[in-house]
Amino acid sequence: MNTGDLTMFYYGDWLSQRKGKKTLVCEMCAVIDEEEMMEWTSYTVAVKTSNILGAGTDANIFIIIFGENGDSGTLALKQSANWNKFERNNTDTFNFPDMLSLGHLCKLRVWHDNKGIFPGWHLSYVDVKDNSRDETFRFQCDCWLSKSEGDGQTVRDFACANNKINDELEETTQITVQFVSQLPRDGTFTACFTMHPVLAFGIYLTNVGGVHASADTIEGAEGWDGVTQTGFEWDCLQEVQGSSRCFACLAYEIIIETGNGGETRENVWLILEGRKNRSKEFLVENSSRQRAFRKETTDTFEFDSVYLGDIVSLCVGHLAREDRFIPKRELIWHVKTITITEMEYGNVNITFIQKKDFAGMLNHGDNSHGLILEGTYILCYKTTCLMLRTWQLYFFNCDCLIPLKRKRKYFKVFEVTKTTESFTSKIQSLVPVKYEVIVTTGYEPGAGTDANVFVTIFGANGDTGKRELKQKMRNLFERGSTDRFFLETLELGELRKVRLEHDGSGYCAGWLVEKVEVTNTSTGVATIFNCGRWLDKKRGDGLTWRDLFPSV
C-alpha cells in the first residue's frame, strides 16, 4: 500500500574513526513533517562485579539494551573512571550520550570476547539509568560469563528486575510513631535508621520489609530510655493483615465511549475492583462549560488510586442532581466501551500504617517524670519502593443503557472483557530457560565442516543473539554426526526461526546441514527445523548462512 508519506533521516556528521564523533555507526531519528518521532536521551551504565574469588575479567565487555522502542545496538564498555575495569567487587560506570530513547527498558544482553589472561567474569548486576527521565533499571545477574565456570556460556540475557516492589529499603528511612491519646507533651517521635538497627520504642528491623516490636530499650533516640508494649509483626511486602493498610498511589487512564443510544449531562462515577484493592469513587464532573459523554464521542480522564492489582470489574453510574429537571432524552446513557490503562510509574512512596493498642511506661532522662500511656498508637512506616514502570490495558465491552435516577443504587457492573499486557511487561516476567540444540550434519562426501558455527534462535519473545556452538576436546559437525548443545536464555515463547551460519574458516569450511532440533527443557516441547542444503561459498547459492523455519 502506497500512502505517499515522506520520512526523512538527518545526521550531518562524519562516519569516521578520525573525524567528527569518531564512530562508524550512527543513529538517526525519523522526521515526519519536520517533527522528530523519538526523543533523545543519554544513558549511564553501572556494572557491578561480584565479590567472589576470580570474579574479575580482562576480557572486553559488550552490551545491548532492549526497550519498548527497540534496542541500542552493540555498546562497548570501554571508558570507565577505574583504570583497571571489571575487577572483583568494583563498580564501573560508563556514559552513552546522544542516544535515541528506548522508552521503558525490559532486557539486557551482556557478553565478552573471552580475551585476556583471565577472561572469566562473575557479574553481580547492571544498572542502566535513563538520564532524561531520571529512571534507573536494574538487571540482576549473579552468574558466570566464562568458558571454564558454570555452564560455560559467555553470553547472557537478563530481564529487568523492576517488575515488582523492590524489597530493598533506602539507606535511611523515616519512622514516625504517633500517640493518639492525649499527652502532656508532644506525642510524636521521629527516628532515622539504616539497615537492621534497633529503632525507637523498641521497634526494630529484623529483615528487609519485616517490622517487629518488642520491649527493647530505645537506641539512637536521645533522652528516651525504654518502653513496654504489646508485640506484633507484619511483612509490608505481603498482603497486609488486620488493621494494617498499604498505600501505593498509581495513575489510571480511563477512556469512556458513549454510543448513539443516549447521552448524559450528569456527573458520572466509577469504582474499580482489583484483585488487591477496591478504588475510591472516581467522580467525573459534567458541566455546561465542559460537556462530556455526548452521543458517539470518546472522553478521556486520569485518576489516582491505591494499587489495585489486576482489575477484574468496575461499577459505573450517573446520578441526577436534585435541582434539575431531567428531559426524557436523558433518561438513559448508552455506555459502549470503557478502556482502562494502568499508567507508567517509577519510584513510588508507600506508607504502611498499623494501629495497635498500647499500654506502658515511657521514661525520660533521669526517670524523674514517667508518663503512663494508654490508648492506640499509629505506626507510619514510609519507604520509597522501585516498582514496575509499564502499562496494562483493560477493555470492557459494555454496550449497555444505564438509567438516570436520583438514587445511587442504580448502577451497572461490568467484568473485564480483554486484558492486554505491554511487550516490556511481558519480557520482564520471563525466566531463564535452557534450550537443547541438536544439529545433524548430512551424509554426502565432504558434508562436515571445520569452520566455527553460530546459531540464533528467534521466538515470540525475542531472540538469543548470535551464539557459538562449541565444545571442548570434540571434533564437531563431522559427516553424518549429531551434535548436542545447551543454551540458556530468557524464555523465547513459540519458536519461529533459527539462523545457522559459519565463518568460513578452516581447511574444509563447506557444510551440509540436514536439520536442527531445538527443545525447551522446561516444557519438553521440541521444534524441528529442516535444512538439507549446503552452507558453502563454492556450492549451491554460495551462502554460508540459512534461515530455517519450523517444519509442519
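**Salt bridges and their surroundings**

Mentor: Lys497 and Asp547 form a salt bridge, with 3.6 Å between the closest N and O atoms; the term stands for a side-chain nitrogen of Lys or Arg within 4 Å of a carboxyl oxygen of Asp or Glu. The model is a predicted one, where local features need pLDDT of at least 70 and side-chain atom pairs count only at pLDDT 80 or more, while totals for chains, interfaces and linings use all residues. Residues are numbered from 1 along each chain as its sequence is written, and side-chain values rest on heavy atoms, with hydrogens and water left out.

Lys497 belongs to strand E34 (residues 495-502) and Asp547 to strand E37 (residues 545-548), so that distant parts of the chain, 50 residues apart, are linked (strands are DSSP runs of E, at least two residues, and helices runs of H or I, at least four, numbered from the N terminus). Lys497 is buried at 17% relative accessibility, whereas Asp547, at 24%, is partly exposed (buried is under 20% relative accessible area, exposed over 50%, partly exposed in between, with a 1.4 Å probe and protein chains only).

The structure holds 18 salt bridges. Another of them pairs Glu257 with Lys336, whose closest N and O atoms are 4.0 Å apart. Glu257 sits in strand E18 (residues 245-258) and Lys336 in strand E23 (residues 332-342), so this pair ties together parts that are 79 residues apart in sequence. Both ends are partly exposed: Glu257 has a relative accessible area of 26%, and Lys336 is at 38%.

Arg291 and Glu263 also meet in a salt bridge, at 3.3 Å from N to O. Here the residues come from loops: Arg291 from the one between strand E20 (282-284) and strand E21 (298-306), Glu263 from the one between E18 and strand E19 (267-274), so the contact ties together parts 28 residues apart in sequence. Arg291 is buried, with a relative accessible area of 15%, and Glu263 is buried too, at 16%.

The loop between E20 and E21 also holds Glu296. Glu296 is not a glycine, although its phi is positive, at about 55°. With a relative accessible area of 61%, Glu296 is exposed, whereas Arg291 is buried. Asp33, also a residue other than glycine, has a positive phi near 55°. The place of Asp33 is the loop between strand E2 (30-32) and strand E3 (35-36), where Asp33 is exposed at 75% relative accessible area.

The C-alpha atoms of Trp269 and Cys315 are separated by 8.1 Å, and the two residues are 46 apart along the chain. Cys315 lies in strand E22 (residues 311-319). Apart from neighbours within four places in sequence, Cys315 is in contact with Trp269, Leu270, Ile271, Phe411, Lys412 and Val413 (contact means heavy atoms within 4.5 Å).

An open sheet of four strands, ordered E8-E4-E10-E11, has antiparallel pairing (two strands pair if DSSP finds at least two bridges between them). Its edge strands, each pairing on one side only, are E8 (91-100) and E11 (135-145). Neighbouring strands are turned by 20° against each other on average, direction ignored (axes are lines fitted to C-alpha atoms, for helices over the stretch in contact, and angles run from 0 to 180 degrees between N-to-C directions). E4 (residues 40-49) is joined to E8 by eight bridges, and the bridge partner of Tyr43 in E8 is Phe96.

E8 gives the most, with six residues. The volume of the largest pocket is about 1200 Å³ (the space filled by probe spheres set on the grid points, which are joined across faces, edges and corners).

Definitions and conventions. On a 1 Å grid over the protein atoms alone, a cavity is a set of points where a 1.4 Å probe fits but cannot get out, and a pocket is an open set with protein on both sides within 12 Å along at least five of seven lines; lining residues have an atom within 4 Å of a point.
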